[in-house]
Each structure stands twice: as structure tokens, then as C-alpha cells.
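Visitor: Hi, could you walk me through this one? I'd like to ask a few quick things as we look.

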Amino acid sequence: MRTLCTKAENLNTLLHHETKKTPEVAKIMDMIETNIQRTYGKTWQTLKTKRVQVGDTTSWQTELSVALPQHLSVAATAAKKKESEDLVTLALYYKLKDVGALEKLLPQADALPTARDKFSDNEGALLLQSVQQNVANAKSIVIALYERVCNAKNSEEFRPQFETRMDACRQWVSRVSVNWPFPMVFDGVGQKKTQAEGQACVPLIDYLKDNGFLDRRLYPKMYTDDAKRALRNRRIGPVEVALRTNMTPVMEDILDEFETKVGSLQEIRQSCGDDGEPSEEDDEALWDIMTGRQLCIEAEQVKQRDYILKGQDDGTASPGIRSFRQSLPIYKYRSDILTLVQHNQVVILAGETGSGKTTQVPQYIFEDYVTAACGSSCNVVVTQPRRISAVSMAERVAWEREERVGFTVGYQVRMKRETLQQRGGIFFCTTGILLRHMQSNPCLQGVSHVIVDEVHERDLETDFLLILLREVIKKNPDLRVVIMSATVNTQKFSNYFWDAPVITIPGKLHPVREYYLEDLLDARIVRSKDLADPVKLVAQVVEYIYYHRAPGAILCFLPGWNEITYAVRELQKLLPPYAHGWILPLHSKLRHEEQWKIFNSPPDTLENVRKVILATNIAETSITVGDVVYVVDTGLHREQRYDSILGVPLLDTFETSRSSMRQRRGRAGRLHPGECYFLFKENNAVKRPEFSVPEMLRVALAEVVLSCKLFCPGTEVELMLSQAPDPPPAETVRKAIVDLQAMGILNTSKELTEMGKCVVLFPMAPQLSKGLIYATLFRCVKSVSSLAALMSENLDAFSGRLSHAESRKAKLTYDQTKSSDHIALMRMYSFWDSKTNSVDQSMFCHSLGLNSFSLDFSKRLKLDYLRNLSDAHLVNYTRNEMEDWSHPVNTYAKNSTLLAAVLTAAFYPNVLRAHHGVIRKGQLLENAKEFVSLTGRRAVLTEESVVQERKDVWENPWLIYFSAMRHFDGQRITVHDATEVTSLHLLLFAGLDLDVAEDLVYDAPRRSCLETDRKILTIDGHEQLSFRCSERDAYLIARWRNMLLYLIELHLLPRAVSESDSLISDLQHCLWPRVIQATVDILAVRPEAPVDNQG
């Protein structure tokens, strides 16, 4: 306890000089306590404060005890109570850092506000400054310093010994004796005892600092400079690699055959260029987005459709529906809207909440055409940013038109669609669906109107669609575009579309009474101790509404899934059991059927039960839940922002904008007078920005760059994106281009490579697209397509109720080698998919804590991707054949060695190197490991990764990964999934260039470098990716790699080229299978163990 107290004395000085930093530490400790309470449901720390007598002075002493991760106790004494409590919080913070528990106690990065430890790097300078200002502080520094020495040496004999006495002159004389780095004695004199001890410690600190025994943070350096130099050389030095001797003859035979058949690489490429030019094919037929069939407009069908539609429009709509539509605020603007749309290619419509714009504008346009007996010529496409919005709006409009979906109203979202039987009508779809359609119909032929709804959300796809539409209307003058939003900067979009006219529609909102946090405190609805975390307040406010306010459903806005599940647990404690079935989460990861429950109401048999919806911003716009009377707004939302310094995204929690606040508030007043409870103070609301940051300004742009090359191949990417409503930063665009070039998708001229031309055909991340293409070539489609489906939509295979440790344990069942999260997921999915009925699948999900919705949805995605493979002419097989384990396309689908090779090619340059030996807090830890990315950034693996279980020294110091986020400390990256690969995996499948250089050894006597009989191989010039091997192996590896790259590119040539050349056909069908098998043998470190994916 004495040591901790002196540490607190030391921290008292920090507190004195860094008063502005104290809230940051307090914020981190609050987040830890919140995380502990959410996870374990109990209080984490115990705080006791009391008055104590120190000499003639009365002070405050605070003791802080915690039970997790172990029993720890710290104490601090100060003149004031508040200062004592702040001091002990800092003391605990440092103690948790020292024992390595701080990171484990914090919640995951996707649930954290940014919390950087801004003062740790200059801690040493602050401590020295404190010594200069108050010599007495030197003793606490020395004690803390030698505490670390004792821990490192595992011995108490290194503690400093103080001998203090009063001399004849009534002065205090102190002597401090230490045994590290060798026995030393220092003396000091002072008027007080503490001053004398401090004076003795000052020269000790100066000596240790000046002679290099302390680092910049005053941690003792428990290593020599030679040891540090050796460690550095080991970390940056080449990795030894060698081919197995029994493989070299096989490699040489295949390489000789290959090189004999094709000659030099330049000759075969030239021959392909001369003899294999693909013939010009007829333009592909256009497809109609409205009907899902080939676009074909026949006069007789048009006449018949117009007649049917005209007959339907006879004014027989039920009086109730007609009266409701006419009561909407937008109805009186009907003729104005139609006139503007008729005479302008682009119209900006700003409709306030409750105006009826989403359901009425497309109907007005369509009905106008029907009245003119040309309804089949009106084909209105309405885009929505979310699936649930597109489906619910389509069903609502069909209901208002008193018809079933599919007659004049249709929709299409990912994995679900109801198209029109004939042309002429209204079609709702997500923005992504329209973009996919524009790949084959770039001028939107057959579409009369495009209504882009909810533009204020400024999502990436909507902004990109606006870029395209601005060009499309130049080529298709008959197309009409309506830009709609509830809250939008109308002038910005008017200017963007060349001074397009603007029409503003007032809303129809019932009165909504607002309550802010101060109001809730005054009414004692919430507890003051929970104010730091608005999520904690949700259940308290809902409980108050539930029991004390008039009937009506409650809609709560929370930032993410973790917060929703926490709120569900808390509400189940507060509400009666019979009401639990009406606590309804609303999140994109839930099934469509589960999301749809929010539109139902509790039956009359359940008295005093009201619906409680816990939603993200998915419920902010477009969705109207009629019986919502109360809104509870945390004022937070989850948002991804790109960190251009680290080159990785940060999924973080941010405050919502004022426009978002208005949208959420409006949910309470759509059909009834309502109440809105803001869980933040009113002065905080005033300081918020008016609009959210457009997604194009805050995310990585690799997929957008590919879309630019797909839609406008002749236009420079930078120029095209500069035409966005809010152009993205040039550095972010440049980084995206560089990343795509590193993946081999763009060439040095920023044009699509043969690989890139295939990658852009798949609606997923380019890494996953590339992996799927490699899987077809290396015959492991079934496994890799399963993984791509799971990872492409950020689908979480595990349910929210599992901890990271439990998820890791489940994955370890399917990868006992502890080497690959990806292969574990493939096998887990395969085992689930092998179940023949939904009951068995549900039981399997329940036993492992899997998310059945994610698996079901990924299965449908997988079938979609397999169809994409066929559409791209990469395979000639049916989906059923590609799902068959015994089919040739899945020859290696269970071979983990080859699967790791495909993932290496797909995920590069996402590579981590594991280093053994780390300098941490002044100690050289030989057995500790550290992961470093190719950019030199340190990385940490999440607790969910099976690779975390690896405790031994790794035979292969390489990991590849798909996704990484910024770590909460702001300096490292957090990797969520990883696969261990060998050096040969990287040498054969990673990067674009392999440099072979001489291995030089420095000859000190001659002061020159001498050549050896070995070579250095370097991938793409990365110092981290350097390897040492024999000269023979080096050239065999380089030749084999070049052959692989060439044959892969050969497979990606247009089919007309490959079929017209017998030599190319021979290479693809005769030599390639032998190359694959030989590659598997080269990579195999040990014989492949059989894996039963069927259970």
C-alpha cells in the first residue's frame, strides 16, 4: 500500500500540472465501470473517503478498491476531498496500466468514444518538471521507478533504502542507497525530512537519466544497447525460407514445360494481342428494372396496359383513403409539383416530416399519366437508403391504391423483390439496386422518372447516384429527376443541378412536448450518477413513461446493437414478464419478419401493455409507426470514419446533428400529440452541427473508385469525384487508388486490370471479390463464397449475447490449430448448411450462440454471388454444381493450405508480422509478441480471434486479415479476423512485384560489403516483407510466381480469346490442374488433415 500511496503522491503532481487531462482519465474509468455493469450486472469499484490527521494538518484520504480483473486497492491523501478522489482515480488508472488490465476492461472499439491517452508520452517530462518545482516529489518518482525494477528482477532487494536523521544543526540529513544498475549512495540535506529525502533523490534521478538508464517516460531500461540493437535487427531482418528438396524437381519440370510452350512472357502476350482480339459482339439487350425482364416496348401491349390503367382510375377509391390522402399537407401542392416536374428535368422537393412526400409524389406523377391515357409510359423509380423503407413504402402505396404489390407498385431490395407484371407504375428500391441496374442500362432507358428520397442522409451510394444522374440527364433529356428530403440544404442541391427549382412542403405534425436532461433531473426521473452514459438512462425514462404517462408506443433511439441488447436486458428487469414480448429491437441485422413486428400492436387481451421499440437511426426517416406517442433520444449514433493517418476506419459513437434531432422528435407527432425525451442538455443541442457529415467525406473510397471506373472508364477518378455535391478529400481518393493498385485491381495508369474488370462485377468489397475470383481458379468456390457472403455485409455470425471469449471458444471447435478465424467460419457455416431442415439449423445456432438471421441471409447472398460468377463468364457451372463438394470446382474447398493462399491473394496488403521480443516499460521481454502492419503500425487482435490462443513461438510469423479498425488508444489498429500463413504463401500470392537481390554481409576489417551465395527476396519493396534463401530456391520461387500470375491472367481473358487459341486452351485445361496441385504441395508445411464439413 505504501508504494501505491507514493505513486499517488507522484500523481498529485501530475494532477497539479495537468488539471485539463483529469476529465479524460475520469471518462475512461467511467467507460470501464459502464462496461463492467453491462457485462456482469454489478458495481465494479468501492470508494471510501474519510478525514485523517497528518501531523498538525487535517486531510482527506480516499481509498478505491476494485474486484476485477483482480483485487486491487489504491489510496491517496490530499487537502481537499475532491482533489483526493481525483487523485485516487489517476492512481488506479496507472495501476491498471502497469498490470496490463486497462485494455481488457474497456469495451470494444466499436462501442467507444475516442479516448486517447494523450499524456503518457510526455509523462516523464512532466515528472521532471514536477521535481524542479517541488523537490519532495523526487522521492515518489524514485520509489515508483524502483518498484518497476523489483518487478522486473522479481526481487525485493532492489528497493531504495532511506536513512534520515536530524544533525546537530537541526537540519535533516538523508541518504538513499540503491542496488540498480549497481550499488550507489546519494545524500541530501533539507529543513524538513521530506525535503532532505527529495534532495537525496534528485541527483539519483539525474544520474540515471543522464547515463541512459531511464527512457523518456522515466521507466528503468532493463536492457543493454547491444540487446536493443540485436532485437531491432531481428525485427527488420529477412525471414529465412526454403523449399523442400523433394519439390524442386517437380517445380523445375513444370516450369520447363510451361516456358517451352509459351516462350518468353512478352512473346505470348504479343501473340494474344495479335491473334486473340475478341470479336465485337452485339450490344447486350437492356433489362427493365420495373418488370425484371428484357426491355421490350410493343405497341399492342402499351395500348392494352393504358386501357387497363385508365379503367382502374375511375374514382372508385374508398372514401376513407381518398379523404386521408387529401388531408395531407402535400395535397394542396399537387398541381404545382406536377407543373414543375413537367417543365424541369430536375426538381428539389423539401418536405417536412408528415407532409406525405414519399408516398404521394410518385402517385401524383403516375396518376397524371394514367389520366392522360398513357400510364404505361410512366415508370417511376423511387430510391430509399434502407431495405425496410423501400419495402414498407411500397406496401403502403399499394394499400392506398387498394391493390396488391406487383400490379402498379413494386419493389426490389437485396434478396427480395416484387416486380411489376407489365410496364407502367411505381417501383421502390434501395439506392444500390438502381446503381446495379445502371451498370447495364447507364442512361436509364425505359425509366421516366427517378425520385431520390432521403437525400439528407448523404450516404455514399446516394451521393454517387447524384453524380451519375447529373450526367445521365444530359444524355437522356426525357428523364425527370426529383430530389426529395425531409431536411436538406435546398440551395446546395439547387446549385448542384444548375439552379433547379425548389418547392417546400410544410409538415403535418401534432404538438410534441420536449424534455431535456435537466428537466428529467428536476423531476427525478433519472439518477444523477448515470448521467455520463445516456444509454443507462433509457430504461429509467421508459419505466417512467410506462407507468406514469398516457397510453402510446415508445420509440427509443440508441447508437448500435450492443446498446439495444443492453437496454432490452435492463427493461426486462423493470417491466412485467408478460410485457417482454413487446420490447422490440429494430436493427438491420434482424430478420425482415422480426423488423416487421414494430408495425403490430399488442392485442386487447393484454391490458396496460405498450409497445417499446429500441432502434438505431434506421427508424429516423421513412418508417412511420402509427401508435408511437413517445420518443426517447440518446442523441447518439454509430458512424464509421476513415483515419487517413492509420489507413483504417474507426467505427465510433458520435452526437447526432440538429436535423437528426428534428427527425427523431417528429416520430412522436406523426399521428398523435406526443412527447420527446432528449437524454442530453438543451445547451448541448444548440452546439450541435445542423447536418451530418456526408459519408463520402468520412469513409474509405476504394469501392467508390471502382464504381467510377465501371460507370465512366474514360474519366479520371479524381475529376469525377470532384463533381460530387461535397467532393471527398484528395488524400482519401489517392489512398484508395494506391490500395487498389497494391491489390492488382488498378494498374499504374489508374485503369482496370484484367482482374479489376472482373472485380467490379461483384457487389462487395474488392478484397472479397478478388478472393472469390481466385477461388474459381483454384477450385475452392464453396468455402470461399461462404466466407465472402458472411463478411460482405458486415454480418456477425454470432449473436449479441455472446462475449468475445465465448465466440472464440465456438470457433476453436472448428479450428483446433488456432491458426485461422476465416477457415473456422467457413467450416462452421458448412456444418450449419449441411443440416437438412430449419429445426436442426436452429438447434445448431442455439448450441453455439450463432445468429441464425446472419447465416440465412449469407446463404442467399452466397447464391447471388454464385450467379454473379456465371454472369461474369468465370465459370460454366450451375449454382447447384458449385454447391456440390464433389464437383471439380470444389476440389480444394476443404484444403486449408490452398484456402490460406487464396485469402493471401485477396487480403494483401493487409499483412501483420509477429515479432518476438518487445521493449515495454523499460524491459526487454524476450517471450512477448507484438504484431506490426506493413505501414509500421502496431496492431492488436480482438479477444474473439482464435489466433489469440496461440501462446507458443510461432513457426510462421505472418498473419493476413480482412478488416481492421482504429484502436481506442488512437495509435494502434485492432484486427478482428486473422489467418496464419507461411512465408511461401506471401512469396507466391502476395503483391505485384518480387525483387531478387544479393545477400550482402558487411566485412568490418575491409569496411565493405561482401556477396554471399544466398539471395534476398522482397515483395513490393516492403522492408517487412523480405526473405532470405538459397540462390536456387530464390529463382525457382520467382519463376513459379511469374507462372502463376501469368496463368491467372490467362484465365481472365475474354472467352473468345481463350477458345480461339489451342495453346491457351492447353495451358488452361492441361497444365493448370498440375500447377494447382504442385502449388499445394509446395505450400504444405505438414500433411493436410481431413476435415469433415458435413458433421
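Visitor: How do the residues lining the second largest cavity divide by class?
Guide: In this predicted model, that lining has 8 nonpolar, 1 polar and 2 charged residues. Here Ala, Val, Leu, Ile, Met, Phe, Trp, Tyr, Cys and Pro count as nonpolar, Asp, Glu, Lys and Arg as charged, and the others, Gly among them, as polar.

Visitor: Which residues line the second largest cavity?
Guide: Among them are Leu555, Ile598, Thr624, Arg667 and Arg670. A cavity is a set of points, on a 1 Å grid over the protein atoms alone, where a 1.4 Å probe fits but cannot get out, and lining residues have an atom within 4 Å of a point.

Visitor: And what volume does the second largest cavity have?
Guide: About 70 Å³, counted as the space filled by probe spheres set on the points, which are joined across faces, edges and corners.

Visitor: New topic: is Lys709 buried or exposed?
Guide: Lys709 is buried, at 4% relative accessible area; buried means under 20%, with a 1.4 Å probe and protein chains only.

Visitor: What does Lys709 touch?
Guide: Beyond neighbours within four places in sequence, Lys709 contacts Thr715, Val717, Leu746, Lys750, Glu751 and Leu752, where contact means heavy atoms within 4.5 Å.

Visitor: Where does Lys709 sit?
Guide: In helix α25, residues 702-711; helices are DSSP runs (H or I, at least four residues), numbered from the N terminus.

Definitions and conventions: Residues numbered from 1 in each chain as written. Predicted model: local features only at pLDDT ≥ 70, side-chain atom pairs only at ≥ 80, totals over all residues. Heavy atoms only, no water. Helix = DSSP H or I, 4+ residues; strand = E, 2+ residues; numbered from the N terminus. Buried < 20%, exposed > 50% of the residue type's maximum accessible area, 1.4 Å probe, protein only. 1 Å grid on protein atoms, 1.4 Å probe; cavity = no way out; pocket = protein on both sides within 12 Å on 5 of 7 lines; lining within 4 Å.
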